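Let us read a fold step by step. Keep the model open as we talk.

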Amino acid sequence: MPDRTEIFKQVKRYYDSLQADNASLMRRKKEKLYAVCPRIEEIDREISSAGINAAKNAILSGKNAQEYMYEAQKKIDVLKNEKISLMLKNGFPENYLEPVYKCPNCKDTGFIGNEKCSCFTQKTVDLAYNNSNMRDIIDEENFENFNINFYSNEVDDFEGISPRENMSIILNRCYDFAKNFGNGTGNLLFYGRAGLGKTFLCSCIAREVLNKGYTVLYSTAGQLFKSVEKERFNRGNDDDVKEMNFSEDLFNVDLLIIDDLGTEFSTVLTTSEFFDILNTRLICNKSVIISTNLSIEDIQNKYSDRISSRIIGEYETYKFFGEDIRFIKKFGY
């Protein structure tokens, strides 16, 4: 896992690159606009010098600067109106020179005032935990592409409802969870056999939550436990002083998604850390989504009472059942 200093440098270079690209695009737009209508270039120069000249004249004359600035602003307003008129006349939209940002909140600087923007935090998470491909995954695995018709309409004798009806309930809850995501949204547990859409729905929720400006850390249980163990064993080593603080992000990220719980190799250390993560996030009202192929009984048998009671008792639990969707997609039945 990359160290924090290197991650920060990479993120800083990313924002420097965004700003450089924006500045370059703006220069090209201006060059095109000025080539079509040279008068607009003259107007921009006059606008730039109007305020400076007003302040200079006020100092030289010793008179009230407010009067000069008032006159300057009137002149600027006239020039701006002329500029807009010329742009429209020459086929350019009024907002042609307005910058377009990837993140309008921080204007691609990574900061809002002295605080890190959520996009900066998410970029850090992406780079640190190789989640940069999450964006590619959620382009495919999202609510728009979720097809409930893959689930059978036949009532399951044991469950008392059909897989499609069950999935409709789960899907609506996922919609609601993502749409209303915020502090204290709650926690979800998806359980059931493999190939029933648990991971797909985790991605659907992740996409919507990311689009709302929150941070998301997705990790398989195996990756999570390995990272936690590595961090604990490296703690105190001189070579790893700058090691990325994985626990800090596990505790602070807005939404933590743990996929494939039960596939990890557990130790006394990682089990203790797992409880700490779950417990701390519950106390802080930080949402977690867990998906697992284990049954409720399996969770109770595999994990300590402290862990299983928090997962089963504090999470909304949704059972997935039916035919393997991956098999149906591949073979058509």
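Q: Which helices and strands each supply at least two residues of the lining of the second largest pocket?
A: Start with the terms. Helices (H or I, at least four residues) and strands (E, at least two) are DSSP runs, numbered from the N terminus. Here helix 7, strand 5 and helix 13 (325–331) each supply at least two lining residues. This is a predicted model: local features need pLDDT of at least 70, side-chain atom pairs count only at pLDDT 80 or more, and totals for chains, interfaces and linings use all residues. Residues are numbered from 1 along each chain as its sequence is written, and side-chain values use heavy atoms, leaving out hydrogens and water.

Q: Which residues lie nearest the centre of the second largest pocket?
A: A pocket is an open set of points on a 1 Å grid over the protein atoms alone, with protein on both sides within 12 Å along at least five of seven lines; lining residues have an atom within 4 Å of a point. This pocket has 20 lining residues. Leu196, Gly197, Lys198, Phe200 and Arg326 lie nearest its centre.

Q: What span should helix 7 have?
A: The expected span is 1.5 Å times one less than the number of residues. For the 14 residues of helix 7 that gives 20 Å, and the end C-alpha atoms are 20 Å apart, which agrees. Gly213 follows helix 7, with a positive phi near 95 degrees.

Q: In what order do the strands of the open sheet lie?
A: Two strands pair if DSSP finds at least two bridges between them. Here 5 strands lie in the order 4-5-6-3-7, with parallel pairing. Strand 4 (216–220) and strand 7 (316–320) are the edges, each pairing on one side only. Strand 3 (residues 188–192) is joined to strand 7 by 5 bridges. Leu189 has Thr317 as its bridge partner in strand 7.

Q: Which strands does helix 6 touch?
A: Contact means heavy atoms within 4.5 Å. Helix 6 (residues 163–179) packs on the sheet, touching strand 3, strand 5 (255–261), strand 6 (287–292) and strand 7.

Q: At what angle does helix 7 run to strand 3?
A: Axes are lines fitted to C-alpha atoms, for helices over the stretch in contact; angles run from 0 to 180 degrees between N-to-C directions. Helix 7 (residues 198–211) runs at about 160 degrees to strand 3.

Definitions and conventions. 1 Å grid on protein atoms, 1.4 Å probe; cavity = no way out; pocket = protein on both sides within 12 Å on 5 of 7 lines; lining within 4 Å.
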